[in-house]
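Please keep the sequence and the model in view while reading.

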Amino acid sequence: MTRTTAFPDVRRADAGTALISSWIVPDPAVQTAAADAVIAAWDGQERPDAMLSLTAFLSADGSHVLHYAQWTDDEAHLAWARARRAAAISPIDEAIPGIRRPGLVRYRRHRSHLPAVASGGAPALLVTPTFGTSGPDTQRVLADTVLDVLADAQVPGLLGAHFHLSQDGSRVLNYAEWESSSAWRAFADGSVSARLAGIIAGLPGVTITNASSGPPHYRLHHSLVNVAPPTRATA
């Protein structure tokens, strides 16, 4: 397994499922220690080949650690969870009591927007706008609508918007990679964001999560790559 400080390859072709979960820490002072404990737990155990990668992100407000895990399929993850999850979690809870786990959400990446002209910069910020949806059709309409707007817009500093659909049809998550916090803020205060907000508000069956506080922001802590991504074909 390779430990890196690079964002994961969200578009890797062999990732059949993305498991996203938040671990709420009892105090911001232990946020980094909690992320370190998770990375160490995975780094120190035998891992199935179906487990492709795991990335830990630290929330900007210090309240939680976001985990983004890529597996080949849900069945392989569920088999691991039944056999080994309790043993993997126990040492973490002993070291850092009081972690709360609301549960993971199973997603599949739907589509991605990448800028036509790459800036050459690496992501420094992850922002995750999340939407409640009334079913699979609504999920696809929402994701495709936003992606179509982004394809026609110029959004400086946006390095990628990767739309994930929860497998139960209840939510959409935009895994958005930004060059900097200032680039995100300029977008949030600008005309493209305002136009998108108006369009989304008019879509039936869609609700905006964290509408009052805004989407959570994260910085990368560490990524573990268990299986190298396959080479992506070029056009």
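In this predicted model, Met 51 has Trp 71 of strand 4 as its bridge partner. Trp 71 is also the bridge partner of Thr 17. These two pairs belong to the strand pairings listed here.

| Strand paired with strand 4 | Residues | Sense | Bridges |
|---|---|---|---|
| Strand 2 | 17-24 | antiparallel | eight |
| Strand 3 | 51-59 | antiparallel | seven |

Strand 3 and strand 4 also form a hairpin, with four residues between them. Gly 62 lies in that turn and has a positive phi of about 80 degrees.

Are the residues of strand 4 buried or exposed? Strand 4 covers residues 64-71, and eight of its eight residues are buried. In a regular strand the side chains alternate between the two faces of the sheet. In strand 4, His 64, Leu 66, Tyr 68 and Gln 70 point one way, while Val 65, His 67, Ala 69 and Trp 71 point the other way. Residues of both sets are buried.

Helix 4 spans residues 181-188, and its buried residues are Ala 183, Trp 184 and Phe 187. They lie on the same side of helix 4 because they cover an arc of only 100 degrees around the axis. An α-helix has 3.6 residues a turn, so residues three or four places apart point the same way. The face of helix 4 turned away from the buried side carries Ser 182 and Ala 186, which are exposed.

What do the buried residues of helix 4 pack against? Their partners are strand 6 (125-127), strand 9 (171-178), helix 5 (191-201) and strand 11 (217-225).

Technical notes:
Residues are numbered from 1 along each chain as its sequence is written. This is a predicted model: local features need pLDDT of at least 70, side-chain atom pairs count only at pLDDT 80 or more; totals for chains, interfaces and linings use all residues. Side-chain values use heavy atoms; hydrogens and water are left out. Buried means under 20% relative accessible area, exposed over 50%, partly exposed in between (1.4 Å probe, protein chains only). Two strands pair if DSSP finds at least two bridges between them. The arc is that of the directions from the helix axis to the C-beta atoms. Contact means heavy atoms within 4.5 Å.
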